[in-house]
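Please examine the sequence and the structure below.

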Amino acid sequence: MYGARARREVYYTLPANRGIVAKARHSQPTGSFSGNSRWAQCGFASELGTNHLTGQTESLFHVLDPRQFSRAQLDELCVLTTKVRTVAKSHQGARTLQTLLASRRAMLYFTQPSTRTFLSFNNACHVLGIRTSEIRDPSTSSEVKGESFEDSIRTFSSYVDVVIMRTRREGMAAQSAALMDRIRRPVPIINAGSGRDQHPTQALLDIYTLERSFEAGGGIDGKVIGLMGDLKRGRTARSLAYLMKNYSNVRLVFIAPESFRMEDDLKANLRDSGVEFMETEKLGEVISDLDAIYVTRLQSEYDTEGESSGFDHTPFTIGLDEMQRLKADAIVMHPLPRGPELHPSVDTDPRAMYWRQERNGMWMRAALLIKIFKVEDQID
Ligand code: MLT
């Protein structure tokens with residue numbers, strides 16, 4: 001039983017004016033963009049800034065929130081990711097990629113723990129020749145001397161061409177982007193995870209993983225995607241769910257216990273966007289309907305009153321028994337790190353996509369940087 005459809009959301013605007021797709025300078029006939037007939041049918045193509053001749057979307061600057069992305073941009077990023085991944089396979093290609101952004105510098109400001117996002121951004125930069133500096137522990141920066149967060153970000157921007165940041169608190173990437181929009185030498189801000197709220201670049205790599213996995217099966221459109229675990233506090237599930245308004249007839253199944261259900265703001269957004277969803281605590285009742293299951297861990301670092309203690313993972317776990325009930329062509333994803341909710345015995349099943357998902361992150365983040373610095377035309 002899926003939630004009722006409502007009106008479709010047309011456009012999302014962030015407070016920082018550079019974070020969104022710029023509106024098209026010229027109104028184009030919307031029916032002629034062949035890469036995505038859905039946008040054309042909806043008549044949104046010109047509003048979303050798609051160049052109907054090249055299929056390229058307008059440029060990206062800040063990356064703050066999954067809601068800023070259009071279908072045209074997602075499609076373009078997926079194509080670009082495949083191109084980077086393919087080009088990087090040969091020595092010659094890898095060398096070419098290394099020259100693409102060799103004059104650029106990036107700051108990795110990660111004050112919340114990270115393994116994959118940090119390493120994949122760092123390596124994506126290196127793939128493209130971007131030199132990186134990092135702060136991972138705020139106790140080693142002038143913040144301990146009382147320097148304000150905004151002054152710290154402005155200082156980073158004096159030395160680099162892009163700031164990639166992960167913070168424990170929500171809203172700090174947007175705050176940094178708003179600061180950049182007020183100064184004379186703004187640099188793009190990339191949100192690499194903001195508290196419990198958003199993880200837009202994870203959502204992009206998840207979209208790429210889904211597209212790649214369903215390449216022969218019509219892509220993401222029309223798929224039934226389960227999101228399971230701590231959906232209340234897991235930013236990856238939130239961000240991925242937000243992107244689903246860009247795809248036709250996707251149905252989401254939220255599988256979580258009462259205490260960790262998806263938040264109401266996200267569900268309201270899905271209703272407004274016309275994305276169908278249902279909620280259940282019973283994995284067994286839906287597992288055989290799923291085309292993908294996106295498993296997440298308990299976000300115990302956000303506990304305030306021991307919410308996670310004594311939690312019984314058993315009903316929200318994927319192991320060999322659950323794999324037997326999953327469709328033969330369905331996939332299992334996980335943003336990692338994992339806890340007991342995903343048994344290592346699943347790792348060797350060809351439907352386990354999380355290690356590929358992890359590697360896709362590096363390629364997608366490289367594609368994103370290429371798009372931000374507008375060098376996509378130099379790859380061919
Ligand atoms: C994240 O940064 O949100 C993750 O990679 C997923 C998690 O920590 O569960």
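The shell around the ligand consists of one nonpolar, five polar and three charged residues; here Ala, Val, Leu, Ile, Met, Phe, Trp, Tyr, Cys and Pro count as nonpolar, Asp, Glu, Lys and Arg as charged, and the others, Gly among them, as polar. The residues surrounding the ligand are Arg116, Thr117, Gly193, His199, Arg235, Thr236, Thr296, Arg297 and Pro335. Two or more of them are given by each of helix H4 (116-127) and helix H8 (235-243).

This is a predicted model, in which local features need pLDDT of at least 70 and side-chain atom pairs count only at pLDDT 80 or more, while totals for chains, interfaces and linings use all residues. Residues are numbered from 1 along each chain as its sequence is written.

The protein as a whole is summarised here.

| Property | Value |
|---|---|
| Secondary structure (DSSP runs: helices H or I, at least four residues; strands E, at least two) | 12 helices and nine strands |
| Buried residues (20 or more other C-beta atoms within 10 Å of their own) | 45% of 380 residues |

Five strands form an open parallel sheet in the order E7-E6-E5-E8-E9, where two strands pair if DSSP finds at least two bridges between them. Strand E7 (276-280) and strand E9 (331-333) each have a single partner strand, so one side of each lacks a neighbour in the sheet. Strand E6 (residues 251-255) pairs with E7 in the parallel sense over five bridges. Leu252 has Phe277 in E7 as its bridge partner.

How values were computed
A residue is buried if 20 or more other C-beta atoms lie within 10 Å of its own, exposed if 12 or fewer, and partly exposed in between; C-beta atoms are placed from the backbone. A residue is near a molecule or strand if its C-beta atom, placed from the backbone, lies within 6 Å of it.
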